[in-house]
Amino acid sequence: MANSDSNAGVPAQRLAFGRRLRALRTRAGLTQTAVAVAAGMDRSFYAEVEAAVHSVSVDRIPALAQALGVKPADLFQDPEPGDL
């Protein structure tokens, strides 16, 4: 897992996407396991996407959005105040 003290070298958009996933997941009251299973992903991979260790392919976006109960475009919106 990535060192949480340093995000050097991690693309800003990957960090933002991971933070947005985490915010949407916690707002929905879901665990990483629940989202991963609903999206057809391994929990550890999903956790690493949230942590900005990995990125997901565009093919996984609809499944992630459905698992989180949002539209795919919502995964790329700026977070609401208090989401982070």
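How close do the axes of α1 and α3 come, and at what angle do they cross? Before answering, I noted that this is a predicted model, where local features need pLDDT of at least 70, side-chain atom pairs count only at pLDDT 80 or more, and totals for chains, interfaces and linings use all residues. Residues are numbered from 1 along each chain as its sequence is written, and side-chain values use heavy atoms, with hydrogens and water left out.

**Entry 1: α1 against α3**

I found that the two axes come within 7 Å and cross at roughly 115°. Axes here are lines fitted to C-alpha atoms, for helices over the stretch in contact, with angles from 0 to 180 degrees between N-to-C directions. The helices themselves are DSSP runs (H or I, at least four residues), numbered from the N terminus.

Next I listed who makes the contact (heavy atoms within 4.5 Å). From α1 I wrote down Phe17, Gly18, Arg19, Leu21, Arg22 and Arg25, and from α3 Tyr46, Val49 and Glu50. Sorted by class, that contact has four nonpolar, one polar and four charged residues. For the classes, Ala, Val, Leu, Ile, Met, Phe, Trp, Tyr, Cys and Pro count as nonpolar, Asp, Glu, Lys and Arg as charged, and the others, Gly among them, as polar.

**Entry 2: the charged residues**

Those charges made me look for salt bridges (a side-chain nitrogen of Lys or Arg within 4 Å of a carboxyl oxygen of Asp or Glu). The structure holds two. In one, Glu50 meets Arg22 at 3.3 Å, N to O. Because Glu50 lies in α3 and Arg22 in α1, this pair ties together parts that are 28 residues apart in sequence.

In the other, Glu50 pairs with Arg25, with the closest N and O atoms 2.6 Å apart. This pair also links α3 to α1, across 25 residues. Through shared partners, Arg22, Arg25 and Glu50 form one network.

I then checked burial (buried is under 20% relative accessible area, exposed over 50%, partly exposed in between, with a 1.4 Å probe and protein chains only). Glu50 and Arg25 are both buried; Glu50 has 2% relative accessibility. Arg22, at 34%, counts as partly exposed.

**Entry 3: which side of α3 is buried?**

In α3 (residues 43–50) I found Tyr46, Ala47, Val49 and Glu50 buried. They cover an arc of only 155° around the axis, which puts them on the same side of α3; the arc is that of the directions from the helix axis to the C-beta atoms. Their cover includes α1 (12–27), α2 (32–39) and α4 (61–68). After α3 comes Ala52, with a positive phi near 65°.

**Entry 4: α2**

Here the buried residues are Gln32, Val35, Ala36 and Ala39. What covers the buried residues of α2 includes α1, α3 and α4. Gly40 follows α2, and its phi is positive, near 75°.

Leaving aside neighbours within four places in sequence, Phe17 is in contact with Val49, Val56, Ile61, Leu64, Leu75 and Phe76.

Technical notes
Helices (H or I, at least four residues) and strands (E, at least two) are DSSP runs, numbered from the N terminus.
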